[in-house]
Amino acid sequence: MKPVVSPQKIDHVGIAVKSLETAVPLYRDILGLPFLGEETVDSEQVRVAFFRLGEVKVELLEPTSPESPIARFIEKRGEGIHHIALSVKEIEGELEGLAAAGIRLIDERPKPGANGTQVAFLHPKSTLGVLYELCQPGKSN
């Protein structure tokens, strides 16, 4: 059987935090992960900070609004692992294939993500409780 999705690699692991100001020093100064930078992602109502760990990045997500998905996640579950992002070459085709296979999509179309990426989330009720993000790198990535 041919797989529906063709991920290239794990792009990053997303971790929900209440405050980047508190979390960044832990990852940078205590855990020693190289800091790659911060940015705001308006489409997700978050500020993010990225760190490198081998070939995988760690993404810290701080809500910028009480209505953001990350704020709701923290309120319900507390800080911690939020999602795993899979790098794909052609996100629209991947989403079409997943929908055809009966996978519930949070995002039927890609939207802008951090670092010029296009992203879309798969509903964890269709993926054994894991929130997956498909991530198509931008031209400069």
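Is F51 buried or exposed at 0% relative accessibility? F51 counts as buried at that value; buried means under 20% relative accessible area, exposed over 50%, and partly exposed in between (1.4 Å probe, protein chains only).

The structure is a predicted model, in which local features need pLDDT of at least 70 and side-chain atom pairs count only at pLDDT 80 or more, while totals for chains, interfaces and linings use all residues. Residues are numbered from 1 along each chain as its sequence is written, and side-chain values use heavy atoms, with hydrogens and water left out.

**First stop: the aromatic rings**

Helices (H or I, at least four residues) and strands (E, at least two) are DSSP runs, numbered from the N terminus. Both Y27 and F51 are buried.

Next, select F35. With F51 it forms a tilted pair at 5.4 Å centre to centre, with 55° between the planes. Because F35 belongs to strand β2 (residues 35–41) and F51 to strand β3, the pair ties together parts that are 16 residues apart in sequence. F35 counts as partly exposed, at 36% relative accessibility. With all three residues displayed, one sees the cluster into which ring pairs link Y27, F35 and F51.

**Second stop: helix α1**

Select L26, which is placed in helix α1 (residues 20–30). L26 is partly exposed, having a relative accessible area of 40%.

Proceed to strand β1 (residues 9–16), where H12 lies. H12 is buried, with a relative accessible area of 3%. Display the side chains of D11 and E133 as well: the side chain of H12 makes a polar contact with that of D11 at 2.7 Å, and another of 3.0 Å joins the side chains of H12 and E133. A polar contact is a pair of N or O atoms within 3.5 Å; within protein, one must be able to donate a hydrogen and the other to accept it, and residues adjacent in sequence count only if both atoms are side-chain atoms.

Key. Rings of Phe, Tyr and Trp (its six-membered ring) pair if their centres lie within 6.5 Å; planes under 30 degrees apart count as stacked, over 60 as edge-to-face and the rest as tilted.
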